[in-house]
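Thanks for coming, everyone. Have a look at the structure on the screen, and I'll walk you through it.

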Amino acid sequence: MTVTKAGHLSSRGAVLADPSNRPVMLDIVSNLWHPESNPGGYLSLGVAENTLMHDEITQYMTKNISLNSHALTYGDSFSGSHGLKSAISAFITRHFSPLQPVLSRHIVITSGVGPAIDSCVFSLCDPGDGILLGRPYYGAFPSDVSLRAKAQIIPVAFDDIDPFSLDAMPYYEKALSDARERGILTKAMILCNPHNPLGRCFPPEVLAAYMQFCQKHNIHLISDEIYALSIWENPDAPDAPPFTSTLSIDTAGRIDPSLVHVLWGMSKDFGSNGIRLGCIVSQNNNPLIRALEANSYFTCPSSLADRATTALLSDTTFVESFIRTNSRLLTERYVSTVRFLESRGIPYQEGSNAGLFVWVDLLAYLAGADSSEGLGSEEDRWALETRLEAALLKERVFLACGAAFGSYRPGWFRVVFAHDEAYLLEGLRRIVDALELLRGEMARG
Ligand SMILES: Cc1ncc(COP(=O)(O)O)c(C=O)c1O
């Protein structure tokens, strides 16, 4: 009998099967901490989940979802039911202030925004094409664009300038021309607005400049707006720019509107990662919509998710009240988190007003300073970040680390605060324990 090596997989399968490609998150979510049923499990402040309003959502969905025979068929299409397309287009038209109303025919529904990115990139890029993306970035963007579609991220670092300002534009120009010199054709840029992990929104004039940049180079602008309604008041930054959707910026004289695509989904703004529902809005590109629809069998949402989302988004009274309460709770948890960090002398990125997280400089805490520079060379500090990641897991707390999020400075971690106060404080306490554990190891040499 011939013995087949490593499962006899394709070259693609072999890459995926390599243990180094197993997402860390899988080991965390399969062993989550619970004070009684699993006290030894991981407490996760690393996955971008909002559990603050889970009771309201589960009650609403349980009460309002109903099935009929049509829900047991393939339904109206693989890209969402007529009812959901209509509900989601009305919802986006109400909350994103688009220049032109969003209509059902502008929308393709998917099983989440991750699948929406994969599907968009599959139809917009050829293998090897480049996609510009500012650093730091949401850690799954690189795999979302490359695993199936085989495009690649061209990361853009910004030195000390504000990445949300017009000063960022030359950095994109340079990244694009460097990629060209390396033989990479840039086909798109991804903008994450509101930003994960920085929790800030792009002002309208910067969005307009991105449009002009994309037009100049004839590239697609993919705007991931999955945190659009997770906007909250930061008492320390009352003037932080509010959310502006790319859909609301006038394309006239700036960009061919067929290059603009916006993504949104239920995971973050409605605390429903598990429902698996997202969408692509493209108002002026029929060929793209046709391509997405033809490829939608692989990204089709379940009729259960479709019907639950249709019921919820159609109920404007519930939605308005949900957004208000969610926003108030996000402010409360943000304030608890940053006051805790301040009391322990842990620096964090100030000025955010969106999303579910704070970007914190844990190595600076170990350096006892505003930055971690005193801890050695950049290489030494990246090694320390890896050791800190291990110390956090030893203390049974999970955070997303800067290296996985394309940070260009070592030592930064993303802390998700959209959880019950007691859970959050337990997680923050464990972070300090992990820091002290590493400090002890460093002192012992
Ligand atoms: C910016 C961003 N885009 C996409 C996703 C994926 O969302 P979904 O659960 O809809 O696939 C996430 C989840 O963390 C995210 O933060």
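I'll start with the overall build, go on to the ligand, and finish with some backbone details.

One caution before anything else. This is a predicted model.

So, the build. The protein has 15 helices. It also has 12 strands. Its C-alpha trace spans about 70 × 65 × 55 Å along the principal axes. How does the radius of gyration fit with a compact globule, and what value would we look for? For 445 residues, a compact globule would come out near 22 Å. The protein has 22 Å, so the two agree.

Now the ligand. Where does it sit? The ligand is in the largest pocket.

Let's go in to the atoms. I'll take the backbone contacts, then a side chain. At Val-113, a polar backbone atom is 2.6 Å from an oxygen atom of the ligand. At Gly-114, a backbone N or O atom lies 2.9 Å from a ligand oxygen. Asn-196 uses its side chain: an N or O atom there is 2.8 Å from an oxygen atom of the ligand. And how much of the ligand is covered? Taken alone, the ligand exposes 400 Å². The protein buries 93% of that.

Last topic: the backbone. Here is the background. Most peptide bonds are trans, and most residues other than glycine have a negative phi.

Which residues does a cis peptide bond join, with omega of about -10°? Arg-135 and Pro-136. Pro-136 is in the loop between β3, residues 130-134, and α6, residues 141-146.

Another cis peptide bond joins Asn-193 and Pro-194. Omega there is about -5°. Pro-194 lies in the loop that runs between β5, residues 186-192, and α8, residues 204-217.

Now phi. Ser-97 is not a glycine, yet its phi is positive, about 45°. Find Ser-97 in the loop between α4, residues 82-95, and β2, residues 107-110.

Asp-159 is not a glycine either, and its phi is positive, about 50°. Where is Asp-159? In the loop between β4, residues 152-156, and α7, residues 169-181.

Then cis peptide bonds at Arg-135 to Pro-136 and at Asn-193 to Pro-194. And positive phi values at Ser-97 and Asp-159. That's it from me.

Technical notes: Residues are numbered from 1 along each chain as its sequence is written. This is a predicted model: local features need pLDDT of at least 70, side-chain atom pairs count only at pLDDT 80 or more; totals for chains, interfaces and linings use all residues. Side-chain values use heavy atoms; hydrogens and water are left out. A polar contact is a pair of N or O atoms within 3.5 Å; within protein, one must be able to donate a hydrogen and the other to accept it, and residues adjacent in sequence count only if both atoms are side-chain atoms. Accessible areas come from the Shrake-Rupley method with a 1.4 Å probe; for residues, only the protein chains shown count as cover. On a 1 Å grid over the protein atoms alone, a cavity is a set of points where a 1.4 Å probe fits but cannot get out, and a pocket is an open set with protein on both sides within 12 Å along at least five of seven lines; lining residues have an atom within 4 Å of a point. A molecule sits in a cavity or pocket if more than half of its atoms lie within 2 Å of its grid points. Helices (H or I, at least four residues) and strands (E, at least two) are DSSP runs, numbered from the N terminus. The radius of gyration is taken over C-alpha atoms; the globule rule is 2.2 Å times the number of residues to the power 0.38.
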